[in-house]
Amino acid sequence: MSSTFSGDETAPFFGFIGAAAALVFSCMGAAYGTAKSGVGVASMGVMRPELVMKSIVPVVMAGVLGIYGLIVAVIISTGINPKAKSYYLFDGYAHLSSGLACGLAGLAAGMAIGIVGDAGVRYYYYCYYYYYFFFCLHYHMCTCDGFEQHLWLYGANAQQPKLFVGMILILIFAEALALYGLIVGIILSSRAGQSRAD
């Protein structure tokens, strides 16, 4: 078997790690973005069910991130075939950097999409009580006068529909971060096989 192997025997290790990193990190970002924004959609759907389909956009955009990682992982894995073509450490490092570039960019984009999507569609309220005590010491007696105040805070999209367009623009620019990683990952993976002339 060793006679049919061409190149550095440890090089495929880095290439396969790059393929795994591209898919794993991108799916981590997609999962976080989907879960974070999905919780906001579910919370908002209780009180405003008519806005559920309108607010599902962050979930869809987060799910696309996994496709970017899948594309780069497939490109890397198909380029690792030491029996057909020599595979050197240069090629393994190129594939490793390609997978990390795409995967970590997808992870960052997924975190951004999840946080923005959750804050943009969540329908929530906070109610807190503020007690003010006034103590009057007179003839060794203490009187207490208290009152309470309520503060209600509602989600952005549920309270102000005009913020929907702004939220979509923020999500688009967050999605662009993963697209940058995909482009750089493809360019880096194309550098594999150029270390020396066979």
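Here's a quick rundown of confidence, the salt bridge and the aromatic pairs in this structure. Keep in mind that this is a predicted model, with a mean pLDDT of 79 for the protein.

**Confidence**

- Of the protein's residues, 76% come in at a pLDDT of 70 or more.
- Helix 2, covering residues 57–78, is where confidence is highest, with a mean of 93.
- At the other end sits strand 1 (residues 136–138), where confidence is lowest, at a mean of 37.
- The pLDDT is below 50 over residues 125–154. Even so, the model gives this stretch 37 contacts beyond near neighbours in sequence.

**The salt bridge**

- The partners are Asp118 and Lys36, and their closest N and O atoms are 3.9 Å apart. The cut-off for a salt bridge is 4 Å, so this pair falls within it.
- Asp118 belongs to helix 3 (residues 89–121) and Lys36 to helix 1 (residues 11–47), so the bridge ties together parts of the chain that are 82 residues apart in sequence.
- Lys36 is partly exposed, at 32% relative accessibility.

**The aromatic cluster**

- Phe13, Phe14 and Tyr93 are linked into a cluster by ring pairs.
- What does the Phe14–Tyr93 pair tie together? Phe14 is in helix 1 and Tyr93 is in helix 3, so the contact joins parts 79 residues apart in sequence.
- As for accessibility, Phe13 counts as exposed at 54%. Phe14 is partly exposed at 23%, and Tyr93 is likewise partly exposed at 43%.

**Helix 1 and helix 3 together**

- Two of the pairs above link these helices: Lys36 in helix 1 goes with Asp118 in helix 3, and Phe14 in helix 1 goes with Tyr93 in helix 3.

Conventions. Residues numbered from 1 in each chain as written. Predicted model: local features only at pLDDT ≥ 70, side-chain atom pairs only at ≥ 80, totals over all residues. Heavy atoms only, no water. pLDDT = per-residue confidence, 0-100. Helix = DSSP H or I, 4+ residues; strand = E, 2+ residues; numbered from the N terminus. Contact = heavy atoms within 4.5 Å. Salt bridge = Lys/Arg side-chain N within 4 Å of Asp/Glu carboxyl O. Buried < 20%, exposed > 50% of the residue type's maximum accessible area, 1.4 Å probe, protein only. Phe/Tyr/Trp six-rings, centres within 6.5 Å; stacked < 30°, edge-to-face > 60°.
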